[in-house]
Amino acid sequence: MYEKLHESAVFLRQAFAGQVPQTALVLGSGLGPLADELEQAVAVPFGDVPHFCQSTAPDHAGRLVCGQLAGKTVLCMQGRLHGYEGYTPAQVAYPIVVFRALGMRQVILTNAAGGINEQFAVGDFMVVDDHINFTGKSPLTGPNDARIGPRFNDMCHVYPKALRQVADDAARACGISLQHGVYVGVNGPQYETPAEIRMFRTMGGDAVGMSTVFESIAAAHCGLPVLAISMITNLAAGITGQALSDEEVKEMAQKRGEVFRMLMKEIVKRL
Ligand code: HPA
């Protein structure tokens, strides 16, 4: 694993031709077009990077784009891998560990999520203060390489307060109000049952989605601070009595995409 990481990192360092990104942005639903706004952009398809897996999810471009955003050098991951596609948790999280090997200072994970907290409205953004990994799996399963991180990893400081504060300050500057809460990560691909959502609410969950937790765990393991932001694309199962659909999620992700991108640029500017 360690040798593979370095092969991936060396390849990317060469591909980026002198640009040294400090922040990685994993772009979830609705945010993909942010990568198209980078200046001096260098795009590398996942399939070209040694040891990277290809994304099978529809609407996920599957490429890394390095360039300038809001005066900073960033690396956007346009499209990501999900456990429900059949990838192992370690495969899903692999790019994150490569980002650390590239010397990045932080990663911003974005996602679409269903709102469990009844105070949340569709279209809200939620800063992830903490998560519940409800997939039953971990990217750290298997032999541990102490050069990457410890066998038994602390999970108390995955989402540092300082980064969440940057998000709050950026949102205020943009005139956007942010929610805060606990993200429940599930495997999917099916949406939840109403009973599952009631259970998640009782457990302290505020939003639910099918990504992010493996990436956050791997980032914590290799010492990469995480800022995670969810776009509440729908109210979670059973809240409205309506069936959930992918169309609804995509439609809202697109509708609020522009505001989300504005927020991300303001955050990046402040890092
Ligand atoms: N559940 C799980 N994942 C999601 C949802 C949801 O309601 N909305 C967007 N991603």
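This report describes strand pairing, the ligand shell, selected residues and backbone geometry in a predicted model.

## Basis

The model is predicted: local features need pLDDT of at least 70 and side-chain atom pairs count only at pLDDT 80 or more, while totals for chains, interfaces and linings use all residues. Residues are numbered from 1 along each chain as its sequence is written, and side-chain values use heavy atoms, with hydrogens and water left out.

Helices (H or I, at least four residues) and strands (E, at least two) are DSSP runs, numbered from the N terminus.

Two strands pair if DSSP finds at least two bridges between them. E9 runs parallel to strand E5 (residues 106–115), and nine bridges join the two. Within this pairing, Ile108 has Leu227 in E9 as its bridge partner. Strand E6 (residues 125–133) runs antiparallel to E9, with three bridges between them. Met126 is bridged to Ser230 in E9, and Phe125 stands opposite Met231 in E9.

E6 is also joined to strand E7 (residues 178–185), by eight bridges, and these two strands run parallel. In this pairing, Asp130 stands opposite Val182 in E7.

## The ligand shell

A residue is near a molecule or strand if one of its heavy atoms lies within 4 Å of it. The residues around the ligand are Ala112, Ala113, Gly114, Tyr191, Glu192, Val208, Gly209, Met210, Thr233, Asn234, Leu244 and Val249. E5, strand E8 (207–209) and E9 each supply at least two residues of this shell. E5 gives the most, with three residues. By class, the shell has seven nonpolar, four polar and one charged residues. In this scheme Ala, Val, Leu, Ile, Met, Phe, Trp, Tyr, Cys and Pro count as nonpolar, Asp, Glu, Lys and Arg as charged, and the others, Gly among them, as polar.

A polar contact is a pair of N or O atoms within 3.5 Å; within protein, one must be able to donate a hydrogen and the other to accept it, and residues adjacent in sequence count only if both atoms are side-chain atoms. A backbone N or O atom of Gly114 lies 3.3 Å from a nitrogen atom of the ligand. On its own the ligand has 260 Å² of accessible area, of which the protein covers 95%. Accessible areas come from the Shrake-Rupley method with a 1.4 Å probe; for residues, only the protein chains shown count as cover.

Ser216 lies in helix H5 (residues 213–222). Its relative accessible area is 0%, so Ser216 is buried. Contact means heavy atoms within 4.5 Å. With neighbours within four places in sequence left aside, Ser216 is in contact with Leu109, His131, Val158, Tyr159 and Val226.

Gly205 is in the loop between helix H4 (194–203) and E8. Gly205 is buried because its relative accessible area is 3%. Not counting residues up to four places away in sequence, Gly205 touches Ile116, Ile132, Val182, Val184 and Phe200. The C-alpha atoms of Gly205 and Gly185 are separated by 9.6 Å, and these residues are 20 residues apart along the chain.

Thr240 is placed in the loop between E9 and helix H6 (246–255). Thr240 has 45% relative accessibility and therefore counts as partly exposed. A polar atom of its side chain lies 3.1 Å from the backbone nitrogen of Gln242. Thr240 and Glu118 are 122 residues apart in sequence and 10 Å apart in space, C-alpha to C-alpha.

## Backbone geometry

Most residues other than glycine have a negative phi, and most peptide bonds are trans. A cis peptide bond joins Gly188 and Pro189, with omega about 0 degrees. Pro189 is in the loop between E7 and H4.

Ala70 has a positive phi, near 50 degrees. Ala70 is in the loop between strand E3 (63–69) and strand E4 (72–78), and is partly exposed at a relative accessible area of 35%. Thr212 also has a positive phi, near 75 degrees. Thr212 is in the loop between E8 and H5, and counts as buried at 1% relative accessibility.

Methods:
Buried < 20%, exposed > 50% of the residue type's maximum accessible area, 1.4 Å probe, protein only.
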